Amino acid sequence: MSSKARNRTVVGNKCTHKEKRSGFCSATSTFHSKRPPIPLPTTPHISLTDFISSQPHSGRTAYIDASTGRRLSFTELWSSVSSLSSHLSLRLGLRKGHVVLLLSPNSLSFPIVTLSVLSLGALITTSNPLLTSRELSKQINDSKPTLAFTTSPLLPKLTQSNPNLPIILIDDAQEHNLKPDAYPEGVVCTMSEMIADPPSRVRVTDRVDQDDPASLLYSSGTTGESKGVVSTHRSLIAMVQTIVNRFRSESFGGRDQIYVCTVPMFHIYGLAAFAAGLLASGSTIVVLSRFDLDEMMGAIEKYKATYLPIVPPILISMTDRAEEIRGRYELGTLESVLSGGAPLSREVTEGFLGKYPGVKIYQGYGLTETAGIGASTDSLEESRRYGTAGRLSASMEARVVEVETGRALGVNQTGELWLRGPSVMKGVEMWLDGYEEAAANALQVDVNTCRVAVGGAEAAADVLNDGLTRGVWWTSSAALGEWDIDTWTAAGYFSNPEATASTLTSEGWLKTGDICYIDEDGFIFVVDRLKELIKYKGYQVPPAELEALLLSHPQISDAAVIPFPDKDVGQFPMAYIVRKAGSNLSENAVMDFVAKQVAPFKKIRRVAFISAIPKNPSGKILRKDLIKLVTSKI
Ligand SMILES: CC(C)(COP(=O)(O)OP(=O)(O)OC[C@H]1O[C@@H](n2cnc3c(N)ncnc32)[C@H](O)[C@@H]1OP(=O)(O)O)[C@@H](O)C(=O)NCCC(=O)NCCSC(=O)/C=C/c1ccc(O)cc1
């Protein structure tokens with residue numbers, strides 16, 4: 001949507017949302033954030049890296065490795081980023097638009113790699129080290145990286161996924177006694193070697209614009225298999241500003257905190273918080289390579305941590321083992337816990353606070369598609385609304401939409417949550433070559449709601465040079481197929497305009513697939529899920545991916561995968577199976593078949609046999625019916 005059109009919407013209507021407690025404007029059926037808007041840089045030419053490095057910091061330690069105690073100051077961090085980006089561009093020819101894969105558990109290197117890659121205008125795509133090489137090669141085929149960073153233990157998995165990818169090893173060369181002539185197969189150099197070498201004074205860098213794509217994180221969206229979500233520098237800068245404003249606010253003490261990072265940096269929650277937002281807030285981050293309850297508690301004690309961002313399963317295990325934990329660790333410095341990534345029920349919140357009465361629980365809600373931003377509780381008073389996902393984040397708008405009719409609803413009415421704001425992924429963007437007039441007529445483009453850069457990449461560049469924002473053509477998926485599209489640029493779901501078009505509306509609303517209501521005070525309550533997604537320990541498991549795998553089994557004629565509720569992990573995947581005639585395939589055989597081919601968090605942990613999978617007339621699985629069937633039996 002153009003800024004002109006947006007201004008008209010806000011200025012020209014009779015919204016009195018500022019006065020309303022809920023933030024709801026009945027003239028536009030839109031909920032507005034009650035928080036002060038976030039300031040965004042006005043220059044179009046700034047990368048996320050430049051933006052973060054320009055933020056003030058305390059001059060203290062940026063990161064601490066929890067296991068070794070190694071500290072990285074802000075100065076060391078930025079000098080490492082500078083060296084690495086210089087060598088990536090000069091020695092390895094990394095350029096704007098290239099994709100770099102980062103396959104690693106949490107480490108001090110994670111933010112260095114990410115910020116270096118982004119400073120060059122290249123895209124970073126991250127991966128869960130638990131993925132099998134089959135799953136990894138799918139992501140590699142989709143994202144087409146030009147090089148990859150990984151650790152020694154993960155090297156075999158990566159080379160098995162793609163033997164031709166040039167690899168930079170994250171391990172310390174001296175520690176592993178690695179000499180360039182003895183690098184393992186596929187490795188072109190080590191990261192420590194590049195960082196040790198000062199940056200060259202010769203710079204070969206492209207100008208990075210806020211509208212350039214920056215990250216490519218994988219999410220299942222509302223339906224289907226995993227898809228790459230493109231976030232631009234602009235949306236990541238908006239995310240950083242939201243986090244900085246929130247954590248510098250008075251309610252958080254207005255002072256530097258010491259955070260513990262145990263959630264993975266390869267997902268948006270960890271990446272946004274620990275490789276970007278909290279770094280920009282100038283605080284210290286204690287990094288654990290992965291979650292281990294004892295190591296986490298030990299790190300809080302040892303480094304006098306004040307703030308712990310986690311997911312509900314960790315909160316549950318802290319509650320279950322509270323007596324033992326309090327007996328073994330001095331946790332007096334811990335003031336706050338942030339829970340995100342999966343719903344946190346009132347019972348779990350109360351159970352936790354009963355065991356840790358001095359600790360405050362805050363909530364965060366966001367999606368990969370919104371760069372992790374959406375809603376949060378930002379004060380003690382807000383966080384007392386147990387069960388809420390929080391109030392809309394700064395500069396974010398929401399609609400609650402009736403699924404069947406598409407009608408926008410009001411306060412306390414339940415429907416699908418739509419979000420719009422600066423951190424939301426942008427729509428399908430294309431440059432048309434020679435078809436602009438016909439396309440404009442056929443697609444009935446409304447000049448108030450879209451801008452089009454026509455005539456291919458060169459003409460688009462001219463438009464940009466004239467100071468206009470990059471062209472964005474909003475269109476329907478049906479119309480897309482009719483046009484010879486010259487260049488698809490990375491936007492929305494990477495190389496997947498169909499999925500993008502069905503998730504984003506022409507006005508820039510993102511359909512979250514979450515069913516919720518917003519109360520009279522503007523608090524969002526997520527009550528159900530429209531999207532076909534299983535959340536196991538805060539990890540996304542797309543049912544479509546497991547169904548495709550099950551259908552490849554010679555004795556399975558049909559299959560459906562649904563979420564099965566579980567107190568400790570949230571949900572786990574359960575499969576309904578139709579066996580082929582004459583087959584006596586067992587439950588265990590089904591589970592083993594899947595377990596061998598997927599990451600452990602995607603394993604099917606329950607199986608039931610059925611004579612037919614319930615489907616609607618167009619063949620879509622009626623998952624809700626199966627969920628009802630199984631939950632009625634619990
Ligand atoms: C710390 C957790 C909760 C638990 O860790 P774990 O118990 O050690 O298990 P893992 O998840 O690492 O491993 C899964 C399984 O793999 C197993 N595993 C492990 N390594 C191996 C091995 N090498 N061999 C074989 N088996 C193995 C492991 O034992 C386990 O098996 P099982 O016990 O049967 O579940 C972990 O699952 C975790 O970090 N989950 C968080 C995921 C996450 O960050 N999600 C967020 C997505 S982004 C988002 O939603 C946005 C959030 C947001 C938040 C805040 C805001 O303000 C705004 C937005």
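**Close-up views of a predicted chain**

**View 1. The chain and its surface.** The chain exposes about 26300 Å², of which carbon and sulfur atoms supply 51%, with areas taken from the Shrake-Rupley method with a 1.4 Å probe. This is a predicted model, in which local features need pLDDT of at least 70 and side-chain atom pairs count only at pLDDT 80 or more, whereas totals for chains, interfaces and linings use all residues. Residues are numbered from 1 along each chain as its sequence is written, and side-chain values use heavy atoms, with hydrogens and water left out. Of the 634 residues of the chain, 56% count as buried, that is, under 20% relative accessible area.

**View 2. Helices α4 and α9.** The axes of helix α4 (residues 109-119) and helix α9 (residues 268-280), as lines fitted to C-alpha atoms over the stretch in contact, come within 10 Å and cross at roughly 75°. The two helices are therefore roughly perpendicular, a term for angles of 65 to 115 degrees. Phe110, Pro111, Thr114 and Leu115 in α4 meet Leu271, Ala275 and Leu279 in α9, where contact means heavy atoms within 4.5 Å. The residues of this contact divide into 6 nonpolar, 1 polar and no charged.

How values were computed. Axes are lines fitted to C-alpha atoms, for helices over the stretch in contact, and angles run from 0 to 180 degrees between N-to-C directions. Helices (H or I, at least four residues) and strands (E, at least two) are DSSP runs, numbered from the N terminus. Angles under 35 degrees count as roughly parallel, over 145 as roughly antiparallel, 65 to 115 as roughly perpendicular and the rest as oblique. Ala, Val, Leu, Ile, Met, Phe, Trp, Tyr, Cys and Pro count as nonpolar, Asp, Glu, Lys and Arg as charged, and the others, Gly among them, as polar. Buried means under 20% relative accessible area, exposed over 50%, partly exposed in between (1.4 Å probe, protein chains only).
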